[in-house]
Each structure stands twice: as C-alpha cells, then as structure tokens.
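Subject: Structure for your review

Dear colleague,

Please find below the structure that I am handing over to you, together with its sequence. My notes on what was found follow directly after it.

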Amino acid sequence: MTRNPVFCALDTTDPEAALALARKIHGLVGGLKLGLEFFAANGPAGVRAVAGGGVPLFLDLKFHDIPNTVAGAIRGAVRLSPLMTTLHAGGGAEMMRAAVDAAGSEAQRLGVARPKILAVTVLTSMSGDDLSATGVGSSMVDQVRRLAALAQEAGVDGVVCSAHEVEALRAECGPGFQLVIPGIRPAWAAANDQKRVLTPSEAMAKGADWLVIGRPITAAADPAEAAAHIARELDGADPR
Ligand code: C5P
C-alpha cells in the first residue's frame with residue numbers, strides 16, 4: 001500500500017471522545033473525517049484540537065448556499081488546512097466554481113495546500129420517491145451522473161459516492177477524479193444501518209481513491225487493532 005486511503009469518521013459531539021480515538025488510531029489510518037455533528041458542537045477550535053498537528057483532515061461540512069456565502073465558508077475552512085472538504089452539487093455550477101476559486105485564492109494567500117473540493121450528489125438516505133418529491137424527474141442513477149458531471153465541469157476535484165456508483169463514475173469521470181466512498185465494511189464487521197456495503201479491498205478495486213470508515217473502527221473493542229487489521233487487508237489486496 002503506497003498510502004493508507006482510510007479516513008476514520010469521528011461522528012460525535014464529544015471533543016474528548018474524538019481526541020481519545022484520534023490518539024488511539026494515529027498512524028493506523030490515512031486521516032480523520034470530522035463532519036457537521038462535531039463541527040456544530042465544537043467549531044474550528046475543536047477541529048484544531050482533534051486534527052491539528054498535520055493529521056490529514058477530511059472536513060465534511062457539505063456547504064450549500066449562494067455562491068458568495070459558500071466562497072466565504074470555504075475561505076474559513078481553508079484556515080483549518082483540510083485535505084478535503086465538501087459541498088452539495090445541487091447548489092449549481094456557479095456555486096461550485098466560486099468554491100473552487102475561493103479555495104485556490106485563500107490557500108495561496110495563506111501559503112497552504114489547496115484543499116480538494118468534493119461534491120455530494122444525491123444523499124444516499126434518499127429514495128427514488130424522495131427524489132421525485134423534490135421535483136427531480138430523472139432516475140436516481142441519472143441524477144447522480146448529471147451532478148457528478150456538473151461538478152467536474154465546474155472544476156470540483158471529485159465526489160463522495162456510494163459503493164454501487166463507484167464503478168460507473170470512475171468510467172465516466174476518468175482517472176484523476178477523486179472518488180470517496182462511505183458505507184465500507186470489512187468482512188468481519190457488522191453492517192449497522194448501511195444497506196449497500198463493500199469491503200475496503202472491493203471498494204479500492206472498483207476505483208475508489210479514499211474510504212470513509214466509521215463504526216467498524218470507532219465502535220470496535222480495540223479501535224487501534226481494527227484500524228491496523230483494515231490496513232493489513234488493504235496492503236495484501238491493493239495492487240497499486
Ligand atoms: O460508521 P460508518 O462507517 O457507517 O460511517 C460512515 C460515515 O460516512 C458517516 O460519517 C456518514 O455520515 C458518512 N456517509 C455515509 N453515507 C454517505 C455519505 C456519508 O455513510 N452517503
């Protein structure tokens with residue numbers, strides 16, 4: 001394995017719990033994902049406390065607002081030096097372009113690397129009926145493809161997508177487009193509420209760049225051993 005692709009999702013509002021977990025799995029995962037739950041409770045200071053000191057950070061804040069506001073929010077996020085951050089592709093091409101431009105200019109101003117901007121297409125919690133209730137006439141798969149293409153045209157670096165979309169999106173969006181996959185379950189872990197799961201090695205073989213894994217690590221009796229187990233499995237199976 002040339003790099004560890006696993007970002008561990010620390011889904012908690014408790015900063016001490018997040019920090020304790022981050023320490024336990026340090027060096028055994030590729031990075032940490034902190035999202036809205038953690039950020040709403042603890043803010044940028046909480047993020048710095050848990051993911052400071054050079055740990056790769058996936059700051060999953062799913063921005064969706066007018067272009068000017070999203071650009072401002074992205075500039076704020078760049079101060080936390082995340083490797084990746086997210087917005088909703090449904091905000092439109094102009095919003096996504098404003099985000100990419102703001103990330104570039106703010107990173108340059110601060111002398112830090114530009115975070116990768118990733119788009120969320122259709123939330124995997126939504127069914128086809130939920131989608132049509134919002135006025136979208138296309139099928140789920142067509143809408144995911146349309147939004148991924150729109151994101152790519154707008155200069156976005158990649159998308160967060162479900163296990164069953166990764167192959168099609170890799171084929172359509174080409175090799176450089178970052179595909180980040182949640183819903184990952186090692187064969188030895190419980191599925192919890194995830195419906196369509198892939199093992200870490202399966203997801204990488206289908207073309208994933210990064211894997212988001214939460215409870216198989218965070219809820220394990222020994223999180224460090226769970227993270228190490230996943231890394232060993234990927235080492236054995238990852239042809240890259
Ligand atoms: O614990 P688990 O591995 O299911 O955690 C998966 C993480 O990925 C959570 O932070 C969840 O919010 C996130 N996620 C997801 N499905 C998506 C997008 C994000 O499970 N489609």
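In this predicted model, a salt bridge joins the side chains of Lys-33 and Asp-60, with a distance of 2.8 Å from N to O. The two partners lie in distant parts of the chain: Lys-33 belongs to strand S2, Asp-60 belongs to strand S3 (residues 57–63), and 27 residues separate them. As a general point, side chains of opposite charge can pair when their charged atoms come close. Across the whole structure, the search returns 9 salt bridges.

Lys-33 also has a place in the strand pairing, where the residue opposite Lys-33 of S2 is Ala-9. The strands concerned are S1 (residues 6–9) and S2 (residues 31–35), which pair in the parallel sense over 3 bridges. Both belong to a closed barrel of 8 strands with parallel pairing, in the order S1-S2-S3-S4-S5-S6-S7-S8. On average, neighbouring strands of this sheet are turned by 25° against each other, direction ignored.

I turn now to the helices. Two packed helices are described by the angle between their axes and the distance between the axes.

Helix H1 (residues 15–24) and helix H2 (residues 36–51): the axes come within 10 Å and cross at roughly 40°. H1 is therefore oblique to H2. The crossing of H1 past H2 is right-handed. On the H1 side, Pro-15, Ala-18, Leu-19 and Ala-22 take part, and they meet Phe-38, Asn-42, Ala-49 and Val-50 of H2. Sorted by class, this contact of H1 with H2 comprises 7 nonpolar residues, 1 polar residue and no charged residues.

Helix H3 (residues 67–78) and helix H4 (residues 93–110): these pack at an angle of about 35°, and their axes are 8 Å apart. H3 and H4 likewise form a right-handed crossing. H3 contributes Pro-67, Val-70, Ala-71, Ile-74, Arg-75 and Val-78 to the contact, while the residues from H4 include Glu-94, Met-95, Ala-98, Glu-106 and Leu-110. The contact of H3 with H4 divides into 12 nonpolar, no polar and 3 charged residues.

Helix H6 (residues 140–153) and helix H7 (residues 166–173): the axes are 11 Å apart and the packing angle is about 40°. H6 is therefore oblique to H7. H6 passes H7 in a crossing that is right-handed. Val-144, Arg-145, Ala-148 and Gln-152 of H6 make the contact with Ala-168, Leu-169, Glu-172 and Cys-173 of H7. The classes represented where H6 meets H7 are 5 nonpolar, 1 polar and 2 charged residues.

With kind regards

How values were computed
Residues are numbered from 1 along each chain as its sequence is written. This is a predicted model: local features need pLDDT of at least 70, side-chain atom pairs count only at pLDDT 80 or more; totals for chains, interfaces and linings use all residues. Side-chain values use heavy atoms; hydrogens and water are left out. Two strands pair if DSSP finds at least two bridges between them. Helices (H or I, at least four residues) and strands (E, at least two) are DSSP runs, numbered from the N terminus. Axes are lines fitted to C-alpha atoms, for helices over the stretch in contact, and angles run from 0 to 180 degrees between N-to-C directions. Angles under 35 degrees count as roughly parallel, over 145 as roughly antiparallel, 65 to 115 as roughly perpendicular and the rest as oblique. A crossing is left-handed if the near helix is turned anticlockwise from the far one by less than a right angle, and right-handed if clockwise. Contact means heavy atoms within 4.5 Å. Ala, Val, Leu, Ile, Met, Phe, Trp, Tyr, Cys and Pro count as nonpolar, Asp, Glu, Lys and Arg as charged, and the others, Gly among them, as polar. A salt bridge is a side-chain nitrogen of Lys or Arg within 4 Å of a carboxyl oxygen of Asp or Glu.
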